[in-house]
Amino acid sequence: MFADIILPIPFDSFTYLVPPTHQTARDLRGCRVVVPFGKNKIYTGIVLRTHTNAPQGVEMKEIIEILDDSPVVNEHQFAFWQWIAHYYMCPLGDVMKAALPGAMKPKDLEALRESTRKRKARSDSMLLGEPTISHFLNPAQQQAMGEIEQSFRDKNVTLLHGVTSSGKTEIYIHLIDKYLTVGKQVLYLLPEIALTTQITERLRLVFGDNMGVYHSKFTDVQRLEVYKRQTSSMPYQLVLGVRSSIFLPFQNLGLVIVDEEHEQSYKQQEPAPRYHARNAALMLAHMFGAKTLLGTATPSFEIYHWARKGRYGYVQLTQRYRNMQLPTIEVVDTKEAKRKRLMRGAFSPRLIEVMQTALDRKEQIILFQNRRGFSSFIECRQCGWVPRCPHCDVTLTLHKKTSTLTCHYCGYTTHIPERCPACEESKFTDVGVGTEKVEEQIQKLFEGATTLRMDLDTAKTRHQHENIIADFAAHRADILIGTQMVTKGLDFDNVSVVGILDADTMLNLPDFRSYERTFQTLSQVAGRAGRNNTPGLVILQTRSADSDIIRQITQGDYRQMFYTQMQERQLFHYPPFQRLIYIYLRHRDDHLLDHLAHEMSQRLRAIFGDRVLGPDRPPVARIQSLYIRKLMLKMELNAPTDQVRQALLTLQQQILAIPAAKSLNIYYDVDPL
Ligand code: ADP
Ligand code: ZN
Ligand code: ZN
């Protein structure tokens, strides 16, 4: 007997001999096995299927050990893995790596047994009793709840479009409760940085031990514990998790909630599978015949478009809970202020004045600057030389606290040179403003004001992230400065002012989604101002004060923004009017890559005609010493997607068969963001 086994490497499966001692009737599908690979590697894999078709002309290796008595991957999961591999065009091995915690290595199992014993001891000692502490819904929430249930009668997916603080979370809680009551499982998805202690505790109060939390920053053992529990006869009925929790074993999923559905971080960019957790969750729910509720204050165009067309249900909440006013957004024209030399660093006089008033009243402030580090780069004063990463095609970012220059793509770090290697000059200018520089400027502008900074440098770990939130919530600092991390899942009740230091860098990104994204991000940031008793004030600094998009943001006019932008999308054939697949080629040799990319594009054009664009060099055209080319395929919505995928994969094999293409790396990004 033979077994096809998925291994944690980028292939679908490999065939092995099942040891004679196991030639029983027992089906090994879904069980973990240990196998030899290559000359001296050992892998743990998952049996995809067993069969009796001896492969021809290959030397068979035998399974070393079978680790499970019963499957750890169920049929629902297999179907889902197959769908991910097919849709996102990647091998099953990559899907398995994303789907299983720490590849479920045997050594983790020992640790698991230990922690399960501890958990059991803990829960045995806890008092039994129902927690149930949810709030009563107000009339607007009740109506929304009714509409959601109504729409679920004939639609599988519903969009809950509610302004920030309208009480969406409270509605989720009531809905979850209904599904749990009838014995269904619920998956509640949140973007990575929004899954904070604040939200976990709020749900824990209501659902107690019935809820499992699945976070990528948990250890392998903690994640494995949740995973194993879901395969048991007593699984958590509610899982609160980040994108990878769509891969957990579910038994009778009834409802999926995707909160902040517009969030870009639902998309896994690197490594494969480059899946979008919201879209994959829609498929997961479909496979279970479950319902999906997508919640957000600023829907993604894709979802809003289909909700308007009637494919999805649509429910709105236009008022904040208790009719709290939305913050006022005031635009400050920095072009004008700069011309008059009134700017003090990144701060306009108006922002300084508003901040000073808030500080005098002992109120707190959040400042948003979407770039970490001190400056974007440094430049030689005399000759203009700029230090760049030796491995990537980008400039190095200055981090002043550590006196280092760092590559934000590969992590390469070096010291600031004493002298310019080109002209020996010893003075450098720093260009651009990062969060670190903002913090330094504050200390000069507002004497005695205390600050906290939240970005990838200060909030590397979950622990650091939570500490910053807790410190700010306890008013241990007056001002919180941060990248878009400060926009997610936070609920502070003493913040009266939000400052957006520079809206232009986001707006000017060369990306067809940049306006949609800026609208979403800035609305989120603005929503942090004036929760609870004081209406907030948002100061938005920009050089394009008169533009339509800035007006739409200040007026919170999502619909107008949507209509304007959709006209452009239609005109230039972008999603949601068309589908996109990016095809990436990577190689160490730039010349050879150029040649192969052109070869590939010619062959693609022979099939797809002018639906093919490129090859282009992406904005960062070399990462970790590999050069990159990008091809783009734009398809009509009714294109036969299975055939398109098949054609691409066939072409890939032809290209890889060219002798010079030996170490060429080809991969796909389907529905790229
Ligand atoms: P959203 O998810 O739309 O941002 P939340 O559900 O977090 O809004 O609600 C905002 C605030 O209002 C929270 O502090 C929440 O506890 C409170 N709130 C919302 N609905 C109710 C309710 N029905 N009863 C009591 N408090 C509520
Ligand atoms: Zn120089
Ligand atoms: Zn680099």
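The points below begin with the conventions and then turn to the structure itself.

1. This is a predicted model, in which local features need pLDDT of at least 70 and side-chain atom pairs count only at pLDDT 80 or more, while totals for chains, interfaces and linings use all residues. Residues are numbered from 1 along each chain as its sequence is written, chains are lettered from A and ligands numbered from 1 in the order in which they are written, and side-chain values use heavy atoms, with hydrogens and water left out.

2. Helix α13, residues 462-473, has 12 residues and spans 16 Å from its first C-alpha to its last, close to the expected 16 Å (1.5 Å times one less than the number of residues; helices are DSSP runs of H or I of at least four residues, and strands are runs of E of at least two, numbered from the N terminus). Its buried residues are R462, H465, E466, I468, I469 and F472 (buried means under 20% relative accessible area, exposed over 50%, and partly exposed in between, with a 1.4 Å probe and protein chains only). These residues fall within an arc of 155° seen down the axis of α13, so they line one face of the helix (the arc is that of the directions from the helix axis to the C-beta atoms). Among the elements covering them are α6, β14 and β20 (contact means heavy atoms within 4.5 Å). Just after α13, H475 takes a positive phi of about 55°.

3. Helix α18, residues 590-608, has 19 residues and reaches 26 Å between its first and last C-alpha, close to the 27 Å expected. Buried in α18 are L593, L596, A597, M600, S601, L604 and F608, and they cover an arc of only 140° around the axis, which puts them on the same side of α18. H591, Q602 and A606, on the other side of α18, are exposed. The buried residues pack against β24, β25, β27, α19 and β28.

4. Just after α18, G609 takes a positive phi of about 60°.

5. Which residues come nearest to ligand 1? Of the 16 residues around ligand 1, these are F136, Q141, S165, K168 and T169 (near means a heavy atom within 4 Å). A polar side-chain atom of T169 lies 2.6 Å from an oxygen atom of the ligand, and a polar backbone atom of K168 is 2.9 Å from a ligand oxygen.

6. The count of disulfides comes to zero (a pair of cysteine sulfur atoms within 2.5 Å). C392 is buried at 2% relative accessibility, whereas C410 is partly exposed at 24%.

Note on methods. A polar contact is a pair of N or O atoms within 3.5 Å; within protein, one must be able to donate a hydrogen and the other to accept it, and residues adjacent in sequence count only if both atoms are side-chain atoms.
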